[in-house]
Structures are given as structure tokens and as C-alpha cells.
Amino acid sequence: MGLSPRPESRLVQTHSDEPWITTRLDAFVNWGRKNSLWPMPFGTACCAIEFMATAASKYDLARFGMERQAFSPRQADLLICAGRVPFKLAPVLRRIWQQMPQPKWCISMGACASSGNGIFDNYAVVQGIDNIIPVDVYVPGCPPRPEGLIYGIMMLQKKVENERSSDKSLRNELEPDPKSQLYLEPHVIDELSEPFGNSVHQTRSGL
Amino acid sequence: MSNDPGKPTFTPVIAGSAIASGDPAGLPVTRKNVAHRGGDVNPSAGALKEAFGAAVRRVDVVWGETTVYVDMARAHDVIQWLHDDASQRYDYLSDVTAVEFRDLEQPIEVVWHLRSLPYRRFIRIKAQIERGQKLEAPSVWDIYRGADWLERECYDMFGLRFVGHPDLRRLLMWEQYKEGYPLRKDFPARGRFSRSEQLRQALAANPEARYSKEELSIADAFEDLPDDMKRRLGTGERVGE
């Protein structure tokens, strides 16, 4: 993007002195998207408290274009899952993700949402929300500080910035297997949920 | 005090109001240097022994709190008496739960925590279920309406049936949960099924299937409900939050 370097060209002369730009459409659209993400907080635990701190005046998410917190999935494009998700909540989170219109992204905030956190390796807690919905950015921490979440959000903004509309896989809607409702193979889920393996492959079993 | 379910009555209770003035027991103080064992016995324990005789098996005082072991068959009578008797007035049921020990010989205990606001007393009633006996305890829902969810939670976690509870079904886990009772000692911490199977069963649940019939008519989820829930909803009852 930038002012035309060729003021002598016919195009410039046709449009008189008014400034104009040329750019890739992707760059322009992504620039708009990354600076106006509407986050939908899905807060279930202490991470949500840190999220509130991030959104409040001291850390001020509005600086990153997130002026509006969307509390309806239908008007959101960024799902921030902050906190552990029990199995009872799994269909709810899945439904919320499916209700969000494209384009949409997901940040998994904190160790519980990313991997089940080890201490919640029990009968009631989903071992990482990526077993239920696709995740774009994982923010580590228990809970992450607001700086950590902002770093994750900036990573996501970088990701949005570099998207290409020619990549047809980008806007694929989540289509779970109609019979089992899983979108990953069962053995993949079992592997991801192993006691020390988790969704970001920080496995300790190999050490 | 009447406990007619048709006529809810409300009489405000002032804490300590039944204690004679000048009695140090009436002061709301935090006690210090409480002995581990052998502290002051709650006077209700002696009164229970007098009223119920051999049905009161043992009285323990641990960290200043009195525990009374009673026969399971008389547990409901004991709690009813503690609630109704003018010299006791245990008007607040703070918890119903159960304890299972790692020892396979030791009985499973059902625990009721009762509090008397007018007398500023706390008492713990325990009744035991021998191994091999039916996991059943009397419901105190007819005495304390607050027992509803406490007993449902206990049923959910231990599989303990409370006889007389009007609507005994799972509270924390979803109603179709198939893996058993999570707080039992033979229950593995990660559950009985593989993670993928657990997730498959959880995702099969319809998140709308927990509401009243009016809301359900919007979601058309009525057909997905278990049969007993359909029956209850058919009578106009609200289910879920």
C-alpha cells in the first residue's frame, strides 16, 4: 500500500491530484479484519478474570480494535475460551462455535482450555478444547497474565493479516462426523488426551 | 412449627435467640485452643441419647464438633426430632453427603450436617451402610426442602438412593451419564471410558434438552429427552435452570 510513485502516469493524470492507492484486496480486507475483531468471551474459570482485566481500562483491549465485546456468538468473529470446559459444557461450546458466522477464529486461553491442565486430568473435564473445535492460538499460563493474552491476540492478528483468499481451506466450516459428532478421529483424541501429552505436544513422556 | 408442604410458612429466626441471656454459649465468639478430641459435647447429643436410647450408637467430639452415630433405620426420626423439638430447633440443613473409605470392610457413612440457629449449635449425624447392604438412606426432603439438590448431588456422586426424594436424578453429571458414580472408590479418576468415547457421549447430548417445555417448543428438542423427563415436563414442571 502507498501513494503512487509515478505521478507522471496517465492514470494519475486522469484522477487529477487526489491521492489514491493500489493494493492487494487480501491485504486491504485482512487489515480491516485484524483491526476490528469482535471477541466473544467464553469464560468458565479464573482465566475469565484475567480476560476481564485485559478488557478493562489498564490493559484495554480496545487498543487492538476490540472495542466491542460480543456476548452473542452471532455477532462475533473471535471466540476466546477462557477456562476449563467440562464434558457437560462440550456440546454447548460446539454449538456456540457453529453459531458464529465466518470468518471466525478461536483463541484457547490458559492451560485448562488448551490441554486440560494436568490437574484436571479427570472424568469430568475435556482435555483441551481442540478436541471439540479448531483452535488458532493457544495462550499458555495458569492463568495467563493480560500481557500473555494480548501477545496471543497479536499473534492471531498476524495470522489474520497473512491469510490469502486463494486458500480455500481457510473458511471450511467445522463438519463433525454426523454419527459420533467428533471432528477428529477417536484415536487422535485419545492421543491428545494422554496424561502428559496434550494438544500443543508438550509431551513429557519422551523425556 | 408446622411443616405442611402445602402451606409454606416463614418465620424469621434470630441467631442465638433461644439461649438464655448471660449464658456464654450464646455469644458469637470464635473459640480458641479447641482440643482435638474430648471437647465440650453438644447438649443435643445427650438429649438424643435420652430420646432414642440404643439407636444412638456413639458420640464423638472432634475439634469441638459433635458427631452422633445413629441407626440408619432411625436416622429420619432423629433428624425429624432435632428439627421439631422445641429444645433443639435444628432449622438449617447445611449438607447431606456420604463417605466411602478405602477400607473394603468399613461401612459407607451417610452424613447430615445440621445447624440450630436459635441455639447456635452444630451437630453432625452419621448413619452407616454395611458393605453388601443396599445403598439406601431415608430422604429428609420432607423436613428440609433444601435437601433436594444436596441429596441429588449425593446420589449423582455415590449412587446412594434417598428413599422418599421426589425427583432423584443426577445433578452435576448429565442425566444420560453412563460411567457410574465418580466419588466411589472403585471409580478411576479419568472415568471408565476412553477420552474419545467420553467426548462422543458428551457431544451426543442435546444442550437444549434441559429447559422448560415452553423453551423447548422453540428448540424442538423434546423428542431427545429421556422418557421420565418427558413425563415430568408433560405435567408442566420446569426442568433445569
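## The sheet of chain A

In this predicted model, chain A carries an open sheet built from four strands in the order 1-2-3-4, with parallel pairing. Its edges are formed by strand 1 (39–43) and strand 4 (137–139) of chain A, each of which pairs on one side only. From one strand to the next, the twist averages 20°.

Within this sheet, strand 2 (residues 78–82) of chain A pairs with strand 3 (residues 105–109) of chain A in the parallel sense, and the pairing extends over five bridges. One position can be named for orientation: Ile80(A) stands opposite Ile107(A), the latter belonging to strand 3 of chain A.

## Element order and burial

Taken as a whole, the secondary structure of chain A amounts to seven helices and four strands, and these elements follow one another from the N terminus as α-α-β-α-β-α-β-α-β-α-α.

Of the 207 residues in chain A, 33% are buried. When contacts in chain A between residues at least 6 apart in sequence are considered, 75% of them join residues at least 24 apart.

## The contact between chains A and B

The contact between the two chains draws 20 residues from chain A and 17 residues from chain B. On the side of chain A that touches chain B, the elements giving two or more residues are helix 4 (90–99) and helix 7 (186–192) of chain A, and helix 4 of chain A supplies the largest share, five residues.

By class, this side of chain A comprises nine nonpolar, six polar and five charged residues.

Terms used
Residues are numbered from 1 along each chain as its sequence is written. Chains are lettered from A and ligands numbered from 1 in the order in which they are written. This is a predicted model: local features need pLDDT of at least 70, side-chain atom pairs count only at pLDDT 80 or more; totals for chains, interfaces and linings use all residues. A residue is buried if 20 or more other C-beta atoms lie within 10 Å of its own, exposed if 12 or fewer, and partly exposed in between; C-beta atoms are placed from the backbone. Two residues are in contact if their C-beta atoms, placed from the backbone, lie within 7 Å. Ala, Val, Leu, Ile, Met, Phe, Trp, Tyr, Cys and Pro count as nonpolar, Asp, Glu, Lys and Arg as charged, and the others, Gly among them, as polar. Two strands pair if DSSP finds at least two bridges between them. Axes are lines fitted to C-alpha atoms, for helices over the stretch in contact, and angles run from 0 to 180 degrees between N-to-C directions.
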